[in-house]
Protein chains: 2
Amino acid sequence: MFKQVTIVGFGLLGSSIAHAIKNNSLAQKVICADTNQLHCDKVLELGLAHEATTSVAAGVQGSDLVILCTPVGAMGDIAKEIADHLEEGAIVSDVGSVKKAVIRDMQPHLPSNIHFVPAHPIAGAETSGPDSGFADLFKDRWCILTPLEHTELRPIEKLTKFWEACGCNIEIMGAEHHDLVLGITSHLPHLIAYTIVGTATDLEDDIKSEVVKFSASGFRDFTRIAASDPVMWRDVFLNNKESVLEMLQRFTEDLTALQRAIRKQDGDYLYQSFEKTRNIRKEIVEAGQAEYATPAED
Amino acid sequence: MFKQVTIVGFGLLGSSIAHAIKNNSLAQKVICADTNQLHCDKVLELGLAHEATTSVAAGVQGSDLVILCTPVGAMGDIAKEIADHLEEGAIVSDVGSVKKAVIRDMQPHLPSNIHFVPAHPIAGAETSGPDSGFADLFKDRWCILTPLEHTELRPIEKLTKFWEACGCNIEIMGAEHHDLVLGITSHLPHLIAYTIVGTATDLEDDIKSEVVKFSASGFRDFTRIAASDPVMWRDVFLNNKESVLEMLQRFTEDLTALQRAIRKQDGDYLYQSFEKTRNIRKEIVEAGQAEYATPAED
């Protein structure tokens, strides 16, 4: 499908893409560009790339597809660094969890003779590093493409085929809309999870050990997403500030209303609030998005 | 193990206990006491009890073990109703998610010739009703007993054996400590989950459908626990008010600090907050409490 693909940043996403390319024969050659020499060594050892370099500028030369898999805060600098070394007609893409800021940071540096197609495969795990990747990470996941207004159709189609071959279903939308939707479905939930796990971490030591012991009663569900990569998530919140703060404001208002109902012993309000949330779960189950049938424990 | 067990309230917990008794031959006879006639009919149809009655007073007669499996808000009235009908020496227990309020509401009504041993099996699912039960619900789960100061050792041991036979590991602690620990591990997470799912439910319709579609990116984990029984959870919050409000206060302070860091673009604070929460996940995995290995998706 591609002559040569450069993957910039070999964390969970980068190494999973390398696995998917290998398993599905999507490129003749894969280049690893990662500023961490240990990552480069590991990638070659694992046979995930044909060549590895700590210089992103050198790494992108001759590639017809370049995918940035670094935290989104680093993508502007990388775009600047690779700009003069990109092959004419190459597709440049990324896997960032925010899209408006990535476009804002990368677009000004990129030459007009390449095709910039921002993308976000909605897939991840609580592991990280070059040896954490696996090809099935993308199986049956959504990959959202947020092409720019002037982006040509052919590179969009080509990247669509690439992600479909990796196992994804494709959705195309504007960057601003992406950031709003992911703000509520992903960024706010992660922020809340980080917060509640942090609150528990700060508890007195004797209670903390019991929090671990009895975590199956609800807390556990939050620890899983609060174990995600801290650099990646720092960058997400710094770069999707408006959507996250807007959703957080709504969340806080709703939480304050529930808090007041508890304080005032307003059982009716609590009941009605808890009743209405059942339907959305039903819709998720019907949409085939409720992954596991493991029961919640109360 | 027991001559006759009365289960008061045949929801998920009650019917699962009936299954566990049947599978492990823990009683010669099981009586269903449920004010809902449809539940009684269903229970007999499913063969989960030998007799069924809508009168709890009649249902407890002659039983050497009575387990209240209703929402905690109803337990005081039930204790009053059954008080004069309990067999001398019977063990009276419950499965309520709060313990201080259950003792406060039940204890004054119960005669001194019975043994009151409050209990809380930490197990549940997002289903409810008499046909939702299954014996394995309690397998490898914790069951916390919170006996009173004057409770004799023998009934505590007998109830311990009963829950162990159902598959539980037993922990004994004071009611106040139970409510504090469950406040952070269970009640606060449920309140937060209900809130965030409610916030999403109130969004404009066009975004709401996408929330369902892309729920795997984090939101999904919250919908599972926000699908729990609304009556049960209303009663939990009304009856563990102090612990929940205390934990909620800490949570809100921590969330506000993160919110300010996002607004001020304080990346260092965000990074440090997200970094420290990884360890607690590691401890949960090491304690064998991380049930499924399904990766979180970002």
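Which strands of chain B does helix α1 (residues 12-24) lie across? The views below start with that question and then tour other parts of this predicted model.

**View 1. A helix lies across the sheet of chain B.** The answer to the opening question is β1 (2-8), β2 (27-33) and β4 (65-68) of chain B. Helix α1 of chain B runs at about 160 degrees to β1(B).

**View 2. Six strands line up in chain B.** Follow the open sheet across and you will meet its 6 strands in the order β3-β2-β1-β4-β5-β6 (chain B), with parallel pairing. At the edges are β3 (51-53) and β6 (115-116) of chain B, each of which pairs on one side only. Look for strand β5 (residues 91-94) of chain B beside β6(B): these two pair in the parallel sense over 2 bridges. Here Val92(B) has Phe116(B), in β6(B), as its bridge partner.

**View 3. Chain A has an open sheet of 6 strands.** In chain A the strand order is β3-β2-β1-β4-β5-β6, and the pairing is parallel. The edge strands of this sheet are β3 (51-53) and β6 (115-116) of chain A, and each pairs on one side only. Strand β5 (residues 91-94) of chain A joins β6(A) through 2 bridges in the parallel sense. Within this pair, Val92(A) stands opposite Phe116(A) in β6(A). Helix α1 (residues 12-24) of chain A packs on the sheet and touches β1 (2-8), β2 (27-33) and β4 (65-68) of chain A. The direction of α1 makes about 160 degrees with that of β1(A).

**View 4. Strand β8 of chain B is covered on both faces.** Strand β8 (residues 142-145) of chain B has Trp142(B) and Ile144(B) on one side and Cys143(B) and Leu145(B) on the other, all of them buried. Now look at the strands that pair with β8(B). Strand β7 (residues 119-121) of chain B pairs with β8(B) in the antiparallel sense over 3 bridges, and Pro121(B) has Cys143(B) as its bridge partner. Strand β9 (residues 169-172) of chain B pairs with β8(B) in the parallel sense over 4 bridges.

View 5. In soluble globular proteins, nonpolar side chains tend to be buried together. The largest nonpolar core here holds 197 residues. Which of them touch the most other members? They are Ile7(A), Cys32(A), Ile67(A), Ile7(B), Cys32(B) and Ile67(B). Focus on Cys32(A): beyond residues up to four places away in sequence, Cys32(A) touches Ile7(A), Phe10(A), Cys40(A), Val43(A), Leu48(A), Ala49(A) and Ala52(A).

**View 6. Two domains meet within chain A.** Chain A is divided into domain 1 (2-173) and domain 2 (177-286). The C-alpha centres of these two domains lie 31 Å apart. Where they touch, 15 residues of domain 1 are in contact with 16 residues of domain 2. The domain 1 side of this contact has 6 nonpolar, 6 polar and 3 charged residues.

**View 7. Chains A and B come together.** The contact takes 90 residues from each of chain A and chain B. On the chain A side, the largest share comes from α7(A), with 19 residues. By class, this side has 49 nonpolar, 21 polar and 20 charged residues.

**View 8. Leu258(B) touches residues of both chains.** Leu258(B) is placed in helix α11 (residues 241-263) of chain B. Is Leu258(B) buried or exposed? Leu258(B) counts as buried because it has 22 C-beta neighbours inside 10 Å, and the cut-off for buried is 20 or more. Leaving aside neighbours within four places in sequence, Leu258(B) is in contact with Leu191(A), Thr195(A), Leu270(B) and Ser273(B). Leu258(B) and Leu270(B) are 12 residues apart in sequence, with their C-alpha atoms 6.7 Å apart in space.

How values were computed. Residues numbered from 1 in each chain as written. Chains lettered and ligands numbered in written order. Predicted model: local features only at pLDDT ≥ 70, side-chain atom pairs only at ≥ 80, totals over all residues. Contact = placed C-beta atoms within 7 Å. Nonpolar A, V, L, I, M, F, W, Y, C, P; charged D, E, K, R; others polar. Core = buried A, V, L, I, M, F, W, Y, C linked by C-beta atoms within 7 Å. Buried ≥ 20, exposed ≤ 12 C-beta atoms within 10 Å, placed from the backbone. Pairing = 2+ DSSP bridges. Axes fitted to C-alpha atoms, helices over the stretch in contact; angles between N-to-C directions. Domains from an automatic or database assignment.
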